[in-house]
Amino acid sequence: MPAASSHRRVAVYCASSAGTLPAYRAEAESLGKAIAAAGLGMVYGGANIGLMGAAADAALAAGAEVIGVLPEFLSGREIAHTGLTRLETVSTMHQRKARMVALADAFSILPGGYGTLDELFEILTWSQLRMHAKPCILINTAGYWDKLLDFADSMVASGFLPAKSRTLMQVAPDSQAAVEMVLNHFASQPAS
């Protein structure tokens, strides 16, 4: 697999908590390592806790560029990661999401809660509206996303989601497969 150029980055959407299974943290660390091994950079929400911190720390330890984007109101809660390549502070959550999209060439989604789902569905909606053509890949750690995937299928069956749009939500069994999917996407794009 050809290495991607260093200016390409993967946005990682995930929880600021660790979850109940050790597999969640292990997968976040694997994703950080896989991003670095592929020669990619990482963009994420800028926190030093939970899956967010685990992925960032692993990517940094493996030599990747890691950019965090954190709203001002969260930076004052002592969750800002101080060891990043760069930490950008923005005023609002909306600005955070827009900045992460601008910095990213692909999206990998680990388990998370409402915030992760908000980011996931916004980026899928933007893809459906052809506002971007960047891959969006769920990492289905321990079957975490199974019920969401079933629900997406029910949206198609009920006539609220075109089958073509359903394919915008790609699924990988683990981080290594997700990064390979990202690299395959890059390899299929015309040279700039």
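Q: Hi! Before we start, what counts as a helix here?
A: Helices are DSSP runs of H or I with at least four residues, numbered from the N terminus. Keep in mind that this is a predicted model.

Q: Good. Where is Glu27 found, then?
A: Glu27 belongs to helix H1, which covers residues 22-37.

Q: Is that residue, Glu27, buried or exposed?
A: Glu27 is buried, and yet it has no salt bridge. The nearest side chain of opposite charge is that of Lys33, 10 Å away.

Q: And which residues is Glu27 in contact with, leaving aside neighbours within four places in sequence?
A: Glu27 has contacts with Leu110, Ile139, Thr141, Asp174 and Ser175.

Q: Let's move to the sheet. What is the strand order?
A: The order is S4-S3-S2-S1-S5-S6-S7, in an open sheet of 7 strands with parallel pairing. Strands S4 (86-90) and S7 (169-172) have a single partner strand each, so one side of each lacks a neighbour in the sheet.

Q: By how many degrees are neighbouring strands turned against each other?
A: On average by 25 degrees, with direction ignored.

Q: What holds paired strands together in general?
A: Strands of a sheet pair through backbone hydrogen bonds.

Q: How many bridges are there between S5 and S6?
A: Strand S5 (residues 106-109) pairs with strand S6 (residues 136-139) over 3 bridges, in the parallel sense. In this pair, Ile109 is opposite Leu138 of S6.

Q: What about S1 and S2, how many bridges there?
A: S1 and S2 also have 3 bridges, in the parallel sense, and Ala11 faces Val43 of S2.

Q: Which way do the S2 residues point?
A: From S2, Gly41 and Val43 point one way while Met42 and Tyr44 point the other way. All four of these residues are buried.

Q: Which strands does helix H4 lie across?
A: Helix H4 (residues 93-103) lies across S1 (9-13), S2 (41-44), S3 (66-71), S4 and S5. Relative to S3, H4 runs at about 160 degrees.

Q: On to packing. How many residues are in the largest nonpolar core?
A: There are 39, and the ones with the most contacts inside this core are Val12, Ile35, Leu40, Met42, Tyr44 and Val179. At least two residues of the core come from each of S1, H1, S2, helix H2 (50-61), S3, S6 and helix H8 (175-188). Another core, of 22 residues, lies apart from it; Val69, Phe107, Cys136 and Ala152 are among its members.

Q: Now backbone angles. What is phi of Arg130?
A: Phi of Arg130 is near 65 degrees, a positive value in a residue other than glycine. For context, most residues other than glycine have a negative phi. Arg130 is in the loop between helix H5 (114-128) and S6.

Q: Why does Arg130 count as exposed?
A: Because its relative accessibility is 71%, and exposed means over 50%.

Q: And what is phi of Ala142?
A: Near 55 degrees, again a positive value in a residue other than glycine. Ala142 is in the loop between S6 and helix H6 (146-157), and with a relative accessible area of 59% it is exposed.

Q: Last one: where is Lys134, and what does it touch?
A: Lys134 is in the loop between H5 and S6. Not counting residues up to four places away in sequence, Lys134 touches Val101, Ala104, Asp105, Ala106 and Phe107. Its C-alpha atom is separated by 20 Å from that of Trp145, 11 residues apart along the chain.

Key:
Residues are numbered from 1 along each chain as its sequence is written. This is a predicted model: local features need pLDDT of at least 70, side-chain atom pairs count only at pLDDT 80 or more; totals for chains, interfaces and linings use all residues. Side-chain values use heavy atoms; hydrogens and water are left out. Two strands pair if DSSP finds at least two bridges between them. Axes are lines fitted to C-alpha atoms, for helices over the stretch in contact, and angles run from 0 to 180 degrees between N-to-C directions. Contact means heavy atoms within 4.5 Å. Buried means under 20% relative accessible area, exposed over 50%, partly exposed in between (1.4 Å probe, protein chains only). Lys and Arg count as positive and Asp and Glu as negative; His and the chain ends are not counted. A salt bridge is a side-chain nitrogen of Lys or Arg within 4 Å of a carboxyl oxygen of Asp or Glu. A nonpolar core is a set of buried Ala, Val, Leu, Ile, Met, Phe, Trp, Tyr and Cys residues joined through side-chain atoms within 4.5 Å.
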